[in-house]
Amino acid sequence: MLFKVADAALGHPDEPVRQVIFPAVSGGEQTLRDLVHEFKTKGPAYRTTVQTTLRASYTNHYRRGLIALLDTLEFKGNNTAYQPVIEALELISRYAKAGNTTYYPRGETVPEHRGTAGDWENLVFKNDKRGRRRVVRMVYEIVTFQALRDALRCKEIWVVGAHSFRDPEEDLPKDFAARRVENYAELRKPLDPRDFIAELKAEMRAELDALNTALPKLDWVAISERKSGAIKLTKIGPAEEPRNLRKIKNEVSRRWGAVPLIDMLKEAVLRTGCLNAVTSVAGSSSLKPEVMAERLMLAIFGYGTNTGIRAVASGGHAHSEDDIRYVRRRYLTPQIATDIANATFTARDVELWGEGTTTVASGSTHVRAYDQNIFTEWHSRYGGRGILIYWHIERGSMVVHSQTLRASASEVHAMIEGAVRHGTTMKVEGNYVDSHGQTEIGFGVTRLLGFDLLPRIKQINKVKLYRVESGESDLYLRLTPAMTRPIRWDLIEQNYDQMIKYATAIKQGTASTEAILHRFTESASHPTYQAMLEVGRAQKTIFVARYLRFRELQREIQEGLNVVESSNGANSVIFYGKGGDIATNRREELEMSVLCLRILQAALVYINTLMLQDVLADPEWAKLFKPADRRGLTPLFWQHVQPYGEVRLDVAKRLPLGDGVGAAQPGGPE
């Protein structure tokens, strides 16, 4: 590119740059702008700016707090490779009150560790006025704390008495050996690694053989040698349009009118009895159960709409702001959302909605937050400050799990956590995810935990299929351009028991998936991690072969992920306060907002489910309900919902639904 620019400039030295230089580069002006941007954000000038800024901030402000932590926390490590970092912390602590000493004294042993090399090396080591190589004290402290951060993430260094950053050996179940048979049975895995490997091999051979045989008949996929990638998959065509769903939704609006969102929450609470457990626990309280229930509903509405407790407290009721805040602190729990979800599963008409689903779709939503303090995070993909909310939503649009994530967090661990610990009566056997979920470690962990990972693969042209064994290059000739090396079964066999131990830790909750994956990804050479990757590569090969062969699976995953997009649309309607921006960076407040948003959405889905069942119970409307309408039917719609206005909570006023509490007025389709 530089040659082309130079050649064009020398050939036309007197012509304008825009007419000579830009056309000489592939992509023109935009390519040159991208190059300049990359240099400014990743080049040496940018690194120097970051180092200078960080050094100034650390010296003038952050140092006092970090140094004080060294007197409070005790750091230990099980890996001798990280011992120099612990020794460096001891050195920093000894010289913490040495004043403005620029260098460590000559003769002092200064441990060199991973942080003292690389980009910071020229700043850590300087020559003094006599030309002697010295260690700059403040810079050494910065790189040591950076090395400590990285080591804590993968638990190569841990903190005595901590929980999240405790000794990694404590993450594993202590009675694993004594309960080995039970643990394997809980994960539905054979005790002998050879049986596990034989099962994987059989599935791989079956799927690869089926794809190789069916490939000539599949007009939507082609596999051949290409620079852009061996696999070429055409897009799925549009499905038949459900023509009568709009009429059905309009009938819901006609029968029930504009329903205030607070009334939908109230109706869901009263019908499901989700607050019964809360009020029974508070039996010794002087508050009456009905009063506590009203205050909890107001708290849920205030947090879930993002309008706040103060705004809700000024509505048409007799509860003060302090009263609402008190019950929120004491009694608002995630079990409320779980109970509404379970009640929805029970209330569904099987003939209308089908049998209970066993798959969930998961994805994240970026919610903006005020830039108030150092805990506000910037997300590079979404381009703004805020937090991530990670949702698990079943095919019927009911949210079964939600959690908050840091902007830098891996969504793979969030997917696994929600599928394993959603807490509802639903049995999760499959998880639809977007392209973030197609990681090999994700496939490996989900295989060990016993549910299917079903991602949408955007760059499928570059995906590789692994061979079962070496020396089988003559098998699956039609798939050869997309094939790569065989699976390392010996690695799986050697680490099988350890993999099951980590999977058991995730299943039983003795360690979070995030803690385990952090430890592995920061130390990629870990043998158990390498074995899990091999399991993931085998499972991904099985999935991709099946994904390419079945158009129905591709459409199923696409429709599942569309549920997440619809949920995000509902969230923007419900979470309308303050323009959708969260005004706090306190973690407990963030989690409370997310929980209450989930409860409101669950209440919306529950009431809409009952309304749709009332409408479609009418024979005249049932006649209009075609297969295409059944495929597109969802209880997640809000054209009849009134989320705004004064909050008027009247428990005596009920929605007329056709199950014994009032009667809805039927009306035939026009």
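Before we start, one cut-off to keep in mind: a residue counts as buried when its relative accessible area is under 20%. Select H401 with that in hand: its relative accessible area is 13%, so H401 is buried. Also bear in mind that this is a predicted model.

**Stop 1: around H401**

You'll find H401 in strand β11, which runs over residues 399-405. Now show its surroundings. Setting aside neighbours within four places in sequence, H401 is in contact with Y390, W391, H392, G418, R421, H422 and R598.

Is S397 buried or exposed? It is buried, with a relative accessible area of 4%.

**Stop 2: zoom out**

Show the whole protein as a cartoon. It has 27 helices and 16 strands, and its C-alpha trace spans about 95 × 80 × 70 Å along the principal axes. Of the 670 residues, 50% count as buried. Among contacts between residues at least 6 apart in sequence, 72% join residues at least 24 apart.

H317 sits in the loop between α14 (309-313) and α15 (321-331). Leaving out residues up to four places away in sequence, H317 touches L298, V312, I324 and V647.

**Stop 3: the rings**

Next, colour the aromatic residues. The whole structure holds nine aromatic pairs. Pick out Y104 and Y140: their ring centres are 5.7 Å apart and their planes meet at 85°, so this pair is edge-to-face. Y104 belongs to the loop between α5 (83-94) and α6 (121-124), while Y140 belongs to helix α7 (residues 137-153), so the pair ties together parts that are 36 residues apart in sequence. How accessible is Y104? Its relative accessible area is 2%, so Y104 is buried. Y140 is buried as well, at 1% relative accessibility.

Then select F176, Y184, F196 and Y496, which ring pairs link into a cluster.

Two arginines are worth a look here too. The charged end of R114 sits over the ring of Y82, 4.3 Å from the ring centre. R133 lies over the face of F125, at 3.8 Å from the ring centre.

**Stop 4: two crossing helices**

Show helix α21 (residues 496-508) together with helix α23 (residues 527-549). They pack at an angle of about 90°, with their axes 9 Å apart. That angle makes α21 roughly perpendicular to α23. Which residues make the contact? From α21 come Q498, M499 and Y502, and from α23 come T528, A531, M532 and V535. Colour this contact by class and you get five nonpolar, two polar and no charged residues.

**Last stop: Y476**

Finish at Y476, in the loop between β14 (465-467) and β15 (483-486). Phi of Y476 is near 55°, a positive value in a residue other than glycine.

Methods:
Residues numbered from 1 in each chain as written. Predicted model: local features only at pLDDT ≥ 70, side-chain atom pairs only at ≥ 80, totals over all residues. Heavy atoms only, no water. Phe/Tyr/Trp six-rings, centres within 6.5 Å; stacked < 30°, edge-to-face > 60°. Helix = DSSP H or I, 4+ residues; strand = E, 2+ residues; numbered from the N terminus. Buried < 20%, exposed > 50% of the residue type's maximum accessible area, 1.4 Å probe, protein only. Lys NZ or Arg CZ within 6 Å of the ring centre and 35° of its normal. Axes fitted to C-alpha atoms, helices over the stretch in contact; angles between N-to-C directions. Parallel < 35°, antiparallel > 145°, perpendicular 65-115°, else oblique. Contact = heavy atoms within 4.5 Å. Nonpolar A, V, L, I, M, F, W, Y, C, P; charged D, E, K, R; others polar.
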